[in-house]
Amino acid sequence: MEENVVTASFLFDGTVLNGQATAIYAAPNTGKTLITLNFIMNSSVDKSKLYYLNFDDTSEGLVTKLKIAEEYGFHILSDGHKGLNKNDFKEIMLSMIKKDECNGIVIIADTLKKVSDLMNKEKVSKFNDIVRSFISKGGTFVGLAHVNKKTGADGKPVYSGTSDTIDDFDCAYMLHKVSEKDGFHFVQFECIKKRSSINAPLATYRYSSEQGISYNELLLSVDHVEIEGEIPYYEDNESISTTMMIDVVKHYIESLKVNTKMKLAAELAKNVPASRRKILKFIDDNTGVHWNYKVG
């Protein structure tokens with residue numbers, strides 16, 4: 001066991017640790033694959049022992065990423081190529097565990113739902129047991145996963161699937177898209193579960209939003225952004241959107257003469273990114289503060 005112990009060190013800059021199971025949740029087109037590949041390129045890990053399971057890509061995307069893998073010395077595996085079947089992945093891991101072939105091996109699953117049934121509590125629990133055995137033998141596992149289309153009532157993204165993955169894994173990050181400005185997309189990693197004190201609680205990255213550039217150029221545009229006193233993006237946006245919403249509601253009441261609650265909520269919902277229910281609650285919460293209401 002001592003021979004298989006992996007000292008806590010960063011696999012990826014400030015976030016993912018060697019010798020742990022980590023989940024990274026993000027909405028589509030947030031940049032999770034792009035940033036993960038950039039992390040791999042800049043990682044000091046023995047890349048000959050790193051296996052990237054590309055189970056969620058087009059043929060063009062697969063070829064592009066394979067060329068990157070060949071240049072940097074890590075492995076790309078894809079369903080249906082070289083005899084690999086994604087349904088055999090669990091058996092392959094079990095064989096590695098049985099033969100003590102896990103030490104120093106890094107497996108990155110893109111995406112996690114292709115190898116684990118995240119919606120089935122029993123199946124995902126069994127898969128997580130395999131991952132735990134792999135980790136205990138000195139391996140490192142990273143799963144990229146999706147979030148639900150709808151955010152929670154507090155505006156936070158909600159991870160897709162049961163809570164078992166977060167419960168069983170050592171670390172979990174939520175990757176949020178924060179803004180687009182100055183020719184860049186800005187995204188933020190937020191740690192929502194960790195077992196080590198050295199994982200960054202928040203980390204912001206940016207990558208080019210320029211249209212028409214190659215994937216390699218996009219990959220090289222990824223950059224870490226240092227932000228002093230950084231807070232979760234939705235907390236920052238909340239204060240901005242509250243001020244904005246107050247002005248918008250006042251404009252509808254005063255200038256557009258929409259002055260009944262249900263109609264006001266319905267009209268606002270056409271032009272602001274919030275549900276009618278949420279807008280109605282906002283109107284009620286601010287009644288007597290920024291506007292008054294009485295039954296006629």
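Colleague: A charge sits over a ring if NZ of Lys or CZ of Arg is within 6 Å of the ring centre and within 35 degrees of the ring normal. Which ring does Lys181 lie over?

Modeller: Lys181 lies over the face of Phe186, at 5.4 Å from the ring centre. This is a predicted model, where local features need pLDDT of at least 70, side-chain atom pairs count only at pLDDT 80 or more, and totals for chains, interfaces and linings use all residues. Residues are numbered from 1 along each chain as its sequence is written, and side-chain values use heavy atoms, with hydrogens and water left out.

Colleague: And Arg206, which face is that one over?

Modeller: The face of Phe184, with Arg206 at 4.0 Å from the ring centre.

Colleague: Switching to ring against ring, how many aromatic pairs are there?

Modeller: The whole structure holds 10 aromatic pairs, meaning Phe, Tyr or Trp rings (six-membered ring for Trp) with centres within 6.5 Å. Phe39 and Tyr205 make an edge-to-face pair (planes over 60 degrees apart). Their centres are 5.3 Å apart, with 75° between the planes.

Colleague: Where in the chain do Phe39 and Tyr205 sit?

Modeller: Phe39 is in helix 1 and Tyr205 in strand 8, residues 202–208. Helices (H or I, at least four residues) and strands (E, at least two) are DSSP runs, numbered from the N terminus. The pair links distant parts of the chain, 166 residues apart.

Colleague: Are Phe39 and Tyr205 buried or exposed?

Modeller: Both Phe39 and Tyr205 are buried, that is, under 20% relative accessible area with a 1.4 Å probe, protein chains only.

Colleague: Which residues form the aromatic cluster?

Modeller: Phe39 and Tyr205 belong to one aromatic cluster with Phe12, Tyr173 and Phe189.

Methods:
Rings of Phe, Tyr and Trp (its six-membered ring) pair if their centres lie within 6.5 Å; planes under 30 degrees apart count as stacked, over 60 as edge-to-face and the rest as tilted. Buried means under 20% relative accessible area, exposed over 50%, partly exposed in between (1.4 Å probe, protein chains only).
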